Amino acid sequence: MKQVSTLFLKIVVILMSIPVLALCILGLPQVAIKAFSHAADGETLGYIILIVLFVVYVTTIPFFMSLFQTVKLLTLIEKDQAFSQDSVKGLTKIKNHSKIISGLYILILPLVYLVAEWDDAPGLILINLILIGASFAVAVFSSVLQRLLQKAIDYKEENDLTI
């Protein structure tokens, strides 16, 4: 039963990566082409959009690294090695990647505001805030799990030494 649930979670993680990958391959290049044409005309909006798109592409790197660490954690759970230092290291990496994503989206929030103001699309700001909140929530959750797991490992080692 445990392998079925971890297999299901691995499939969910892979399914989470597909829309992001499709957006990076299919959707964002079309927006970049339009931004290049605006930038070629000397409009500053084109440059702003290109900066935002660059940051979106950069944030996919820690996103996929976090998904990879999640798959590694699920593999450790399958092997009954969930209470190990490797799990703590994986949670630390997930926490740090989530902080990076939040930080980058916070940095471009003023630029997204300018694009939303020009295009009269307040939904862009909302999407940016959702991305910031979601990655921050993942960072907090993984931090809590990391501390709990470290305490459990410490208790386990302490009990192993007393017996």
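User: What span should the 23 residues of helix α3 have, and how far apart are its end C-alpha atoms?

Analyst: In this predicted model, helix α3 covers residues 85–107. At 1.5 Å a residue, its 23 residues should span 33 Å.

User: Which residues of α3 are buried?

Analyst: Among them are Ser-87, Val-88, Gly-90, Leu-91, Ile-94, Lys-95, His-97 and Ser-98. Further along α3, Ile-101, Ser-102, Leu-104 and Tyr-105 are buried as well. The word means that a residue has under 20% relative accessible area.

User: What makes the contact between Lys-10 and Glu-78 a salt bridge?

Analyst: The closest N and O atoms of Lys-10 and Glu-78 are 3.3 Å apart. A salt bridge requires a side-chain nitrogen of Lys or Arg within 4 Å of a carboxyl oxygen of Asp or Glu, so the pair qualifies. Lys-10 lies in helix α1 (residues 2–40) and Glu-78 in helix α2 (residues 44–78), so the pair ties together parts that are 68 residues apart in sequence.

User: How many salt bridges does a search of the whole structure find?

Analyst: The search finds 1 salt bridge.

User: Why is Lys-10 called buried, and why is Glu-78 called partly exposed?

Analyst: Lys-10 has 17% relative accessibility and therefore counts as buried, the cut-off being under 20%. Glu-78 has 24% relative accessibility and therefore counts as partly exposed, a class that lies between buried and exposed.

User: What is said of the phi of Asp-80, and where does Asp-80 lie?

Analyst: Asp-80 has a positive phi of about 60 degrees, although it is not a glycine. For comparison, most residues other than glycine have a negative phi. Asp-80 is located in the loop between α2 and α3.

User: Why does Asp-80 count as exposed?

Analyst: Its relative accessibility is 59%, so Asp-80 counts as exposed; the class begins over 50%.

User: Which residues gather in a patch of negative charge on the surface, and what makes Glu-157 accessible enough to be part of a patch?

Analyst: The patch consists of Asp-154, Glu-157, Glu-158 and Asp-160. Glu-157 is in helix α5 (residues 123–162). Glu-157 has a relative accessible area of 43% and is partly exposed.

Notes. Residues are numbered from 1 along each chain as its sequence is written. This is a predicted model: local features need pLDDT of at least 70, side-chain atom pairs count only at pLDDT 80 or more; totals for chains, interfaces and linings use all residues. Side-chain values use heavy atoms; hydrogens and water are left out. Patches are made of residues with over 30% relative accessible area and no salt bridge: like charges are joined within 9 Å, nonpolar side chains (Val, Leu, Ile, Met, Phe, Trp, Tyr) within 5 Å. Accessible areas come from the Shrake-Rupley method with a 1.4 Å probe; for residues, only the protein chains shown count as cover. Lys and Arg count as positive and Asp and Glu as negative; His and the chain ends are not counted. The place of a charge is taken as NZ of Lys, CZ of Arg, CG of Asp or CD of Glu. Helices (H or I, at least four residues) and strands (E, at least two) are DSSP runs, numbered from the N terminus. Buried means under 20% relative accessible area, exposed over 50%, partly exposed in between (1.4 Å probe, protein chains only). The expected span of a helix is 1.5 Å times one less than its number of residues.
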